[in-house]
Amino acid sequence: MDFDFSDEQRMLKESVEQLITDRYTFEQRKQYMKEPAGYSRDMWERYAEMGLLGLPFDEKHGGVGGGAVETMIVMEAFGRGLTLEPYLATVVMAGGLINQGGSDAQKNALLPKIADGSLLMAYAHSEAQSRYDLADVATTAKRDADGWILDGEKSFVAHGNCADKLVVSARIAGERKSPEGIALFVVDTKAPGVSRKSYETQDGQRAAQIKLSGVKVSSNDAIGDPGKALSLIRTMADRTLAAVGAEAVGAMGAAHEVTIEYLRTRKQFGVAIGSFQVLQHRAVDILVALEQARSMALYATMMANDPDPAERSKAISAATIQIRRSGKFVGQQVVQLHGGIGMTLEYKIGHYFKRLTAMESLLGDTDHHLAALARAGGLIAAGA
Amino acid sequence: MELRYTPDEIQFRDEVRAFFRTAQPAHIRRKMELGQRLAKEDIVDWQRILNAKGWAVPSWPVEWGGTGWGPVKTYIFKEEMQLAPAPDPLGFNVSMVGPVLIAFGSEAQKKHFLPKVANCDYWFCQGFSEPGAGSDLASLRTAAKRDGDHYIVNGQKIWTSRAQHADWMFCLVRTKTEGKPQTGISYLLIDVKTPGLTIRPIYTIDGEHHFNEVFFDNVKVPAENLVGEENKGWSYAKYLLGNERLGIARVGASKYRLQRAKQLAAGVYIGDIPLSETERFREKVAAVEVELKALEITQMRVVANSVHLPPGAPDPTSSILKLKGTELQQATTEILMEVAGPDAMIREQEHLWGTATEPSIGPEWTTTAAADYFYTRASSIYGGSNEIQKNVIAKRILEL
């Protein structure tokens, strides 16, 4: 039992936090949001220089061989800055799938380009009807002479607006919700038949609806064994949830600090409002919610690579439930404690709330994970 | 960073677990499993078993009987004890008066009291709260006036837990009325058999006798029973706050209660379905399990972090443990009572004490559920109410 970072991890934490402090003030973020793809190209290059874009990949693929702890460190700092770059989509989700399940040829071709910042990717999975069921895939992949032909529509593709390539899930066999028969393909967004409708999300990020009409891919573009992709998808989803959990903790932590500072400095009735007991107790409730979430982000990180998929998924669901409940409470209450200024788009506090809210529906909401955990028997075995 | 225990820690855990399994008398284990009330001799017997093994006072310095385990092993020991489930050693002895004597007592006091405190030869109770001094403890008025070699104590204490069992009381008394209230308080050890000291029971909403009123009518206390310096008692009492925080969350005990609730719910039928199979029950329990896991890890963070702090330095995160820990103790007793359903409302105190000769009206396991639920409401009131804890956190951690 040990919660200490290694020297390398501590250095990573310091350097990423410093970068966010220096280059991701609220004012700078507003400028980044106005760039064509809705994020800072310059920051993306800095991430590449620092090795963040190859963080989880092997050195032979241009990466640095980091694990879940390194991802947690980076994501927490990104959460503090409310960063806009397509890190989760490119590195953790699409990159994660290739890294876990791709062939050597795919890894050699794609991972070094992700790591050096020249390739943006996104993961196209959800569909209008699927909500949070990872096995609900209606998009089809039909055998063609030298490959596959994809047809279907993908929703909520985070950073699908700017991705050069996508990892797309499609069904090669089985009923719509069957766990068998799902495949993953690397698809170029410029390929004939791919069209996308980009949009902004409530938290200032970008996403796209993606339509695939008779899109041809080669057999070499399949990731892993076609038809057997669901366990790969579940693994990636759990790792992504661990990463997003850390991001949420970063956002909550920053929002909490901003709020405490406001309570110390804002004066009403001739005194700092933080001298009022009712507000002090609320601030403590926020702290407790934050620390409970932080503990579960650590738990998720340490369980993200657990060899037993059932134990891993239970742990990730449990962490997600706590983090989302904490996130909702913290987000709502930091706005409340700021009063009117908390409602304005011009002030940063509301933006933490918006990001925390947007994260709630990523890969299953609280109710989804609570139902899953309850079905799986919970964390504690009956006994005695 | 590693959540799992090291091989050495696992070996230690297994050793502790095996000891609890073999050394705990069967009748005490049975009472613990059923949630029955322990008699004084149960607690004393168990503490003596622990003391014979050298495990009664793990956190004390080695020269006074401590084990020198360090925070992680001490944490494992306490968790395993709650999960066994075995009784906690007497907290007033082990976690309160012992550490104060070690830090501030005279050599003579240490030599006389510490071995008897560790072996439960002396049962201590705590004389802090008064009718007019609850959350505002520093306003206490029980007065001790110096008269030659003695103090003469007059006044009243209240909410004195288990004073009916006690041989001694560590007591905060007023020795000065001028200046800030905190600067006129002294820490006295009082033999409860001293003439002029009367104990009266207070029955709590679980129908039990946990608390007492204690009256002092010209009670003569030898001056050598003053701990440390006169008028410094407040700082000695405060020394314990934030110090002995491990185990305060009682995660192991809450975990044990959930294990039990889940097991018992499998035998309770809602129509044709066991309660344990209903979605509502499963989700309700799962939600509490999540919070408990989060608290367990928060507690592990505090333990792991304490390795880096100077000995005795409080960790701000630790104040969360009492707040959240008591909420979850309450939530788990509530779940267990709901599993028991209407049977929980049958009042059979002999079954609560484990002295019944007749079978219970409902299933035996249901006889303790309501008492536990009612009594556990006290957990967020005693030891500094949760509202006071929030004041402390707001001031010390958030600096508001």
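User: At roughly what angle do the axes of H9(A) and H9(B), residues 279-306 of chain B, cross?

Analyst: This is a predicted model, in which local features need pLDDT of at least 70, side-chain atom pairs count only at pLDDT 80 or more, and totals for chains, interfaces and linings use all residues. Residues are numbered from 1 along each chain as its sequence is written, and chains are lettered from A and ligands numbered from 1 in the order in which they are written. Helices are DSSP runs of H or I with at least four residues, strands are runs of E with at least two, and both are numbered from the N terminus; an axis is a line fitted to C-alpha atoms, for helices over the stretch in contact, and angles run from 0 to 180 degrees between N-to-C directions. The two axes come within 9 Å and cross at roughly 90°.

User: Which word describes how H9(A) is set against H9(B)?

Analyst: Angles under 35 degrees count as roughly parallel, over 145 as roughly antiparallel, 65 to 115 as roughly perpendicular and the rest as oblique. The crossing angle here is roughly 90°. That makes H9(A), relative to H9(B), roughly perpendicular.

User: Which residues of H9(B) meet H9(A)?

Analyst: Two residues are in contact if their C-beta atoms, placed from the backbone, lie within 7 Å. By class, this contact has 4 nonpolar, 1 polar and 2 charged residues, where Ala, Val, Leu, Ile, Met, Phe, Trp, Tyr, Cys and Pro count as nonpolar, Asp, Glu, Lys and Arg as charged, and the others, Gly among them, as polar. From H9(A) come A:Ala318, A:Ile321 and A:Gln322, and from H9(B) come B:Val290, B:Glu291, B:Lys293 and B:Ala294.

User: How are H8(A) and H9(B) placed relative to each other?

Analyst: Their axes come within 8 Å and cross at roughly 85°. H8(A) and H9(B) are therefore roughly perpendicular.

User: How many charged residues does the contact of H8(A) with H9(B) have?

Analyst: H8(A) takes part through A:Glu291, A:Gln292, A:Ser295, A:Met296, A:Leu298 and A:Tyr299, while the residues of H9(B) include B:Leu295, B:Ile297, B:Thr298 and B:Arg301. By class, this contact has 6 nonpolar residues, 3 polar ones and a charged count of 4.

User: Which element gives the largest share of the side of chain A that touches chain B?

Analyst: The contact between the chains takes 37 residues from chain A and 43 residues from chain B. On the side of chain A, two or more residues each come from H7 (230-265), H8 (277-303), H9 (309-338) and H11 (366-375). That side divides into 25 nonpolar, 8 polar and 4 charged residues. The largest share, 13 residues, comes from H8(A).

User: Which helix gives the largest share of the side of domain 1 of chain A that touches domain 3 of chain A?

Analyst: Domain bounds come from an automatic or database domain assignment, which gives chain A domain 1 (7-119), domain 2 (122-227) and domain 3 (231-375). The C-alpha centres of domains 1 and 3 of chain A lie 22 Å apart, and their contact takes 19 residues from domain 1 and 24 residues from domain 3. Helices H4 (68-81) and H5 (87-101) of chain A give two or more residues to the domain 1 side. The largest share, 10 residues, comes from H4(A).

User: Which helix gives the most to the side of domain 1 of chain B that touches domain 3 of chain B?

Analyst: Chain B is divided into domain 1 (7-89), domain 2 (124-236) and domain 3 (251-396). The C-alpha centres of domains 1 and 3 of chain B are separated by 20 Å, and the contact takes 13 residues from domain 1 and 15 residues from domain 3. H2 (26-34) and H4 (71-83) of chain B each supply at least two residues of the domain 1 side. The most, 7 residues, comes from H4(B).
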